[in-house]
Amino acid sequence: MPACANPRHGGNLLPLYPAATTASKRTAYPHKPILMASPAHGRTLAVVGATGLVGQAIIRGLAARKFPVKTLLPVASARSKGMTVEFKGQDIPVLTLEEALERKPDLVLLSAGGDVSLQWAKAFTEIGATVVDNSSAWRMDPDVPLVVPEVNADAIEDRHRLIANPNCSTIQLVMVLKPLHDRFLIRRAIVSTYQSVTGTGQAGIDQLNQERDGASANRIYPHPIDRNCLPHCDVFLENDFTKEEMKLHHETKKILGDAQVEVSATAVRVPVVGGHSESVYLEMERPFSVPDVREALQLMPGLIIQDDPMANVYPMPVKAADKDEVFVGRIRRDLSFEQGLHMWIVSDNLRKGAATNAIQIAEFLQRSGRFRK
Ligand SMILES: NC(=O)c1ccc[n+]([C@@H]2O[C@H](COP(=O)([O-])OP(=O)(O)OC[C@H]3O[C@@H](n4cnc5c(N)ncnc54)[C@H](OP(=O)(O)O)[C@@H]3O)[C@@H](O)[C@H]2O)c1
């Protein structure tokens, strides 16, 4: 039985959500799910974008992490009318946004693009739902917390009904920057990304597969993506950076709560499916040793160091795919600047970069009793 009985997505379904592999380490934030109320006392939860890549990863993640769901409301566009989505062995009919609003969900996980979020997020909060939004629509709104739970769960206050999930490339970056910033004070980061086609949704996978099959591809990208690299993620802005690059710049400052951390990025789309990779150069204010850096990273929950280059051990998207963690390796001091550090960071953008982070926010809300009573 497919996880999503939507014929448009046939043949491209991701593997089922396996149990998370979690390193045993001292944790300030519990990376593994903590079981809460029994499903009978669980939440009515709407997943908007339920037929998409992120929505499907959320639905698998809710089941795998045993989030207490009493009723699941899968929501998609009119194109998916008559479709069903599988959740815990049941085929559940896909609803429209209007139908989901009438069912008064406690929690809404929005993953259907910025326009849907702008139009619908407030409609759900006005009926008392808490909304976690995966789009970029609300991320830089000063009244909306932008949250990676291991980094800044404390940004969520009781009054917040709308919470933004950061951009996928930002999430994996701040998971590594946070412990280093706390200890060594990061002043500057230069980032080059190597981003998976899954970052552009189902249409990105479709273009890659069609090109590989020799079919004439429906292009989501302006150029071929197979056997190619596009230094172009999202749209170009007046400052010659792309919107994706500026998300890394602005969102990192907001999540770390420090406007002095400067991030400049070049975001590149590559013909890869399993996750995003980032080559990161940092300049830090305080002196550091590489063993100190490793120690700081080891203590960060949800982060795994894979760094034994002589044994060919370093993070790669094929290994990070379908995992919840962020992987870091190739840790080394810069050759020309004593305060400079290089690293390579990889994570599955559909998991920690989107679905897992959103579910972790929901778990935090559930644990801290922030839902409608
Ligand atoms: N992909 C990533 O790595 C990633 C990471 C972080 C955040 N995000 C964000 O997550 C969102 C979804 O991304 P995705 O990769 O899952 O895209 P996707 O595979 O293209 O899926 C889009 C989903 O949105 C639904 N949708 C589109 N228009 C709708 C409408 N008017 N009303 C209701 N549902 C509508 C689609 O339903 P139909 O099937 O009916 O068309 C589908 O379920 C985007 O905002 C994206 O920026 C994505």
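Predicted model: local features only at pLDDT ≥ 70, side-chain atom pairs only at ≥ 80, totals over all residues.

Entry 1: I then asked in which sense strand 3 and strand 4 pair. Strand 3, residues 84-87, and strand 4, residues 90-93, turned out to be antiparallel, with 4 bridges joining them.

**Entry 2: helix 3.** I checked whether the length fits the residue count. Helix 3 covers residues 114-126, and at 1.5 Å a residue its 13 residues should span 18 Å; I found the end C-alpha atoms 19 Å apart, which agrees. I also looked for a bend and found one of about 35 degrees at tryptophan 120. Which residues of helix 3 are buried? My list reads Ser117, Trp120, Ala121 and Phe124. The spacing made me recall a general point: an α-helix has 3.6 residues a turn, so residues three or four places apart point the same way.

**Entry 3: isoleucine 359.** I picked this residue from helix 10. Is isoleucine 359 buried or exposed? I took the cut-off for buried as 20 or more other C-beta atoms within 10 Å. Isoleucine 359 has 24 such neighbours inside 10 Å, so I wrote it down as buried. I then looked along the chain and noted that proline 149 is 210 residues away from isoleucine 359, yet their C-alpha atoms are separated by 9.9 Å.

**Entry 4: the ligand.** I counted 30 residues around the ligand, and those that come nearest are Gly49, Gly52, Val54, Ala112 and Gly201. Helix 1 (53-64), helix 6 (202-212) and helix 10 (351-367) are the elements that each give two or more residues to this shell. Helix 1 gives the most, with 3 residues. Sorted by class, the shell holds 13 nonpolar, 16 polar and 1 charged residues.

Where does the ligand lie relative to domain 1 and domain 2? Domain 1 (39-166 + 354-367) and domain 2 (170-349) both give residues to the shell, so I noted the ligand as lying between them.

Technical notes. Residues numbered from 1 in each chain as written. Near = placed C-beta within 6 Å. Nonpolar A, V, L, I, M, F, W, Y, C, P; charged D, E, K, R; others polar. Domains from an automatic or database assignment. Pairing = 2+ DSSP bridges. Expected span 1.5 Å × (residues − 1). Bend = angle between axes of the 7 residues up to and from the residue. Buried ≥ 20, exposed ≤ 12 C-beta atoms within 10 Å, placed from the backbone.
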